[in-house]
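Hi,

Here is the structure I promised to pass on. Have a look at it first, and then read my notes below.

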Amino acid sequence: MTAIAQQVKSTPMAPYIGLMREMSREQKQIVVTFLTELIEEQEVAKTNEEIIREKYKNLKISPRVKALVDGLSLSEEEVKDERTQYILGL
């Protein structure tokens with residue numbers, strides 16, 4: 001058994017190994033095509049972080065909120081923290 005086959009045994013796909021051995025070449029090709037497309041879809045999908053950044057990129061902050069933020073005393077480290085920037089809309 002090849003190293004790849006051993007790795008498949010350690011995945012949730014392991015129960016299907018016997019089933020896959022009984023499949024015709026055409027059926028295996030269909031499964032491989034499906035898996036390839038599934039992998040490509042996952043690579044294209046944006047992460048939640050990217051979606052949030054894009055959504056709030058053009059966010060307009062009201063002058064009242066800006067005045068509140070300017071009045072905060074934050075350390076340089078806190079200002080650089082991405083979570084703080086997100087919460088404050090910086």
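A term to start with: pLDDT is the predictor's confidence in each residue, on a scale from 0 to 100. This is a predicted model, so local features need pLDDT of at least 70 and side-chain atom pairs count only at pLDDT 80 or more, while totals for chains, interfaces and linings use all residues. Residues are numbered from 1 along each chain as its sequence is written, and side-chain values use heavy atoms, with hydrogens and water left out.

The protein chain has a mean pLDDT of 81, with 96% of its residues at 70 or more. Helices here are DSSP runs (H or I, at least four residues), numbered from the N terminus.

Next, the pocket. A pocket is an open set of points on a 1 Å grid over the protein atoms alone, where a 1.4 Å probe fits and protein lies on both sides within 12 Å along at least five of seven lines; lining residues have an atom within 4 Å of a point. The largest pocket has a volume of about 440 Å³, that being the space filled by probe spheres set on the points. Of its 14 lining residues, Ala 5, Val 8, Met 13, Ile 17 and Met 20 are the closest to the centre. Helix α3 gives the most to the lining, four residues, and α1 (3–9) and α2 (17–22) each supply at least two.

Now the salt bridges (a side-chain nitrogen of Lys or Arg within 4 Å of a carboxyl oxygen of Asp or Glu). The whole structure has four. In one of them, Arg 53 meets Glu 49 at 3.1 Å, N to O; both lie in helix α4 (residues 48–56), four residues apart, about one turn of the helix. Glu 49 and Arg 53 are also linked with Glu 82 in a network of salt bridges. Glu 76 pairs with Lys 80, again with the closest N and O atoms 3.1 Å apart, and this pair lies in helix α6 (residues 76–80).

Cheers
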